[in-house]
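My entries follow in the order I made them.

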Amino acid sequence: MTDTTLDNTVPAARTSPFPLKKAAALGALLLALLAAPIAIGDQFISHIFITIFIFAGLSTAWNIVGGYAGQLSLGHAIFYGIGAYAGVMLMNMGISPWLGMFAGAAVSVVVAVAISYPCFRLRGPFFSLATIAFLEVFRVLALHLREFTGGATGLMIPLKFGWEWMVFRDRTPALLIAFGLLVVALAVAWWIRSHRLGFYLVATRERQSAAQAAGVNTVKVRLIAVSASAALTAFIGTFHAMYLTFIEPAAMFSLTMSIQIAMFALIGGLGTVIGPLVGALFLVPLSELARGWLGAQALGLHGFVYGVVLVLVVLFMPNGLMGILSRYLGNATPQRGTQSASVAATPRAAERPPIGNDILIADHLDKHFAGLHVTNDVSFSLKEGEILGLIGPNGAGKTTVFNMLSGFLKPDSGSVKVRTEDGSWQAPLTPGDFAAIGVGRTFQIVQPFAAMTVEENIMVGAFHRYRDVNDAREAARETAFRMGLGPWLHAEARGLTIGGLKRLEVARVMAMKPRILLLDEVMAGINQTDVRRAIDLMLSIRDSGVSIIAIEHVMQAVMSLSDRVVVLNSGQIIAEGKPQNVVRDPHVIEAYLGKEFTHAQA
Amino acid sequence: MLRLEGIHAGYGATTILHGISLNVQAGEVVTIVGANGAGKTTTLRTVAGLIKPTAGRITFEGRDITRLPAHEVVDLGITLIPEGRQLFADMTVHENLLMGAYRAEARAKQKDTLDQVLSLFPRVRERLSQSAGSLSGGEQQMVAIARGMMARPRLLMFDEPSLGLAPIIVQQVFDVIDTIVRTGATVLIVEQNVFHTLKAADRGYVLENGEIVLSDSSDALLTNDHVRQAYLGI
């Protein structure tokens, strides 16, 4: 027997998600990158390193949007160009680019939000298309507003040398500034990835609805990401303009460059902190060399070299260079599948709290889908501390009711009211409102954040209560062990079976500590013995004061859990009452249970 | 008919099956019983060629299929009806069924097969022109089984056919499986509904932590203390 002895001890949370060793290695790598060109002292080598730093920085900034948030921007040169033009135009008016770069960043943030806000409310390729379109708009504007931008002839910077003007005769100061900007970009990217914002971004990228159900304002977090990315990109744009000493619309607002920035991150490792740096380190020298060797005979052949590298990476390294690196650095320790940990047998409180007054009311809910009346005048209420079973044939409208009870669908008519902690009634509208007021839900079709580990999945829920990463991690671990997911903490969610994923759904929502819990078929795919444990778990959750509505087909669970049962058929309530009475109702037997069930019960 | 010898398999760095051996004779209904995550689904996916074992040997009718790609396994007559149905939601039911007979050999007899399969599933016949995504869960499960039958399999593998279905539909699904069994098909089935499945099966294996710990006739397993305690909740 494997599943009776259960290790309930929760190991202490790692203090840092980014271990010291890795940080030290990264620091050493960066210092070496800075020291090498200074030691060599060659102008051309310095130029190559400056180019590496600039592209690594741009790509790191891009990765916050393209990698973490999963929004493929193909027009990031917009922000680069704005930074460049702001810097040069202000410098011509006698203002130092050190100030100009902030002006550029401010304009970039406004532009970024204006482009993104409408797109982030949609799903699909709209953001990518919008960034390309706006890139073209800015290029044309830069061509036409001749009195400000110099039009097609471009702008020269006034030759004022010194730190004040960010322009130097020697390359070393420029090298230092480029390096500094890269470090800033990396620091911002690292900070985002290791804090709540990063978890929210990745969660939103992986499963938008599940993120919303966990209380994430999916539009807001992505706007923050795009703003940070645009500002960093503009900083680098300003500096690069000073370094180039000459800017023109075609070079500043260039689609090729935008794609290049994205490609460094793709090849290095999308969504990882140092992937873009690794990509730039690998590709910038390669393209400079290709240009040097092939340039004279075969103009444009370096583009071909690029293309080949990209194809090879996509074919053989889907996770980019970082994927290969982390495999060899021993991140993936082979493990024997410790698979069948069971749901923790939870000690129950001696007495259940009494059932209180109504805490959630579904009031005359009506919903149509293209002529189909999915729910027809559905009204019921949930009382505090109660478990309400919602049963009915497949396709009866149960999940539609859940979607209306959690803000994912708006009823055509009727409303959902929830009593808040202070006793007042509210009618929340969006998934975020429902989460904020303490309504948590699971999804019937499980919605794991596939690229995250089990622990990180649960942390997304825990962040609803804790801002701090370590607090959230600890809460997530506790919940994981309680749900029998302890041995899986560091496994990627995509490796779990259906039964495991169902438990992960419950764990994620439990980590939010909801007052009202909507469970959509969480017992499906687990065997009878685990069903009994899960029933105990639900009862202990109820005893802790949570009110539950459960959609369930496992009648064993429905019968022993529910205080009341509501039966839905073809969008209408056909029976309601105590479970033992409901299962004797001839309508319920005919529509849902079948005759054999009655025989089995008799 | 099907024989697994010392199969080790898993996902990436995680090994899930630790040397399992089992066999299925022609005309038999065999079930694998086990806790969540014991490796039941992994076993079926390994046989289907969706996961390559790291060690061990799989033979089907005497032929070594250990390293065959999934589509060639289908050609040999093994079909997996996957967990959670996995229909092509935007295609019609008819198109879904034709996808089941996609391989050249099956395509040649497509029309006959379709008629035979639809005679088993009158409800599916009524829904032929609807998109698969618009069906209820029970109807989708029927379509998934029908799609599996379209490949004219000699060995049918079911992964959790009753998952997420209303009790009345679960009965219908098991009725359909019974009908298929009566046509002489060989069946390997994985189900959480252990009681129902053992009733329908001839033999069963008990899988725990990626190892087979017990194998016996269904009747013997139904009265086995360990099985009753661990899987039937009695």
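Before I start, I note one definition: a crossing is left-handed if the near helix is turned anticlockwise from the far one by less than a right angle, and right-handed if clockwise. I also note that this is a predicted model.

**Entry: helix 2 and helix 10, chain A**

I looked up helix 2 (residues 43–68) and helix 10 (residues 218–244) of chain A. Their axes come within 8 Å and cross at roughly 165 degrees. Angles over 145 degrees count as roughly antiparallel. Therefore helix 2 of chain A is roughly antiparallel to helix 10 of chain A. I wrote down the hand of the crossing of these two helices of chain A as left-handed.

Which residues meet here? On helix 2 of chain A I listed several, including A:Ile50, A:Leu58, A:Trp62 and A:Tyr68. On helix 10 of chain A, A:Val226, A:Leu232, A:Ile236 and A:Tyr243 are among them. I sorted the residues of this contact into 14 nonpolar, four polar and no charged.

**Entry: helix 2 and helix 7, chain A**

Next I turned to helix 7 (residues 172–194) of chain A. Helix 2 of chain A packs with helix 7 of chain A at an angle of about 20 degrees, and the axes are 9 Å apart. Angles under 35 degrees count as roughly parallel, so helix 2 of chain A is roughly parallel to helix 7 of chain A. I noted this crossing as left-handed.

Helix 2 of chain A brings residues including A:Phe49, A:Phe53 and A:Asn63 to the contact. Helix 7 of chain A brings, among them, A:Phe179, A:Leu182 and A:Arg193. I counted 18 nonpolar, four polar and one charged in the contact of these two helices.

**Entry: the two domains of chain A**

I found chain A divided into domain 1 (40–254) and domain 2 (358–601). Their centres, taken over C-alpha atoms, are separated by 44 Å. The contact takes 17 residues from domain 1 of chain A and 23 residues from domain 2 of chain A.

Which elements give two or more residues to the side of domain 1 of chain A that touches domain 2 of chain A? I found helix 8 (196–206) and helix 9 (208–213) of chain A. Helix 8 of chain A gives the most, with six residues. This side of domain 1 divides into eight nonpolar, six polar and three charged residues.

**Entry: the open sheet of chain B**

I moved to chain B and traced an open sheet of six strands. The strand order is 6-7-8-3-9-10, with mixed pairing. Strand 6 (78–81) and strand 10 (211–217) of chain B stand at the edges, each with a single partner strand, so one side of each has no neighbour in the sheet. Neighbouring strands of this sheet are turned by 15 degrees against each other on average, direction ignored.

Strand 6 of chain B runs parallel to strand 7 (residues 155–159) of chain B, and four bridges join them. I saw B:Leu80 standing opposite B:Met157 in strand 7 of chain B. Helix 1 (residues 40–47) of chain B lies across strands including strand 7, to which the helix runs at about 150 degrees.

**Entry: strands 1, 4 and 5, chain B**

Strand 1 (residues 2–11) and strand 4 (residues 55–60) of chain B pair in the antiparallel sense over five bridges. B:Glu5 stands opposite B:Arg57 in strand 4 of chain B. Strand 4 of chain B also pairs with strand 5 (residues 63–64) of chain B, antiparallel, over two bridges. There, B:Phe60 has B:Arg63 as its bridge partner. Their hairpin has two residues between the strands, and B:Glu61 takes a positive phi near 50 degrees.

Definitions and conventions. Residues numbered from 1 in each chain as written. Chains lettered and ligands numbered in written order. Predicted model: local features only at pLDDT ≥ 70, side-chain atom pairs only at ≥ 80, totals over all residues. Pairing = 2+ DSSP bridges. Axes fitted to C-alpha atoms, helices over the stretch in contact; angles between N-to-C directions. Contact = placed C-beta atoms within 7 Å. Parallel < 35°, antiparallel > 145°, perpendicular 65-115°, else oblique. Nonpolar A, V, L, I, M, F, W, Y, C, P; charged D, E, K, R; others polar. Domains from an automatic or database assignment.
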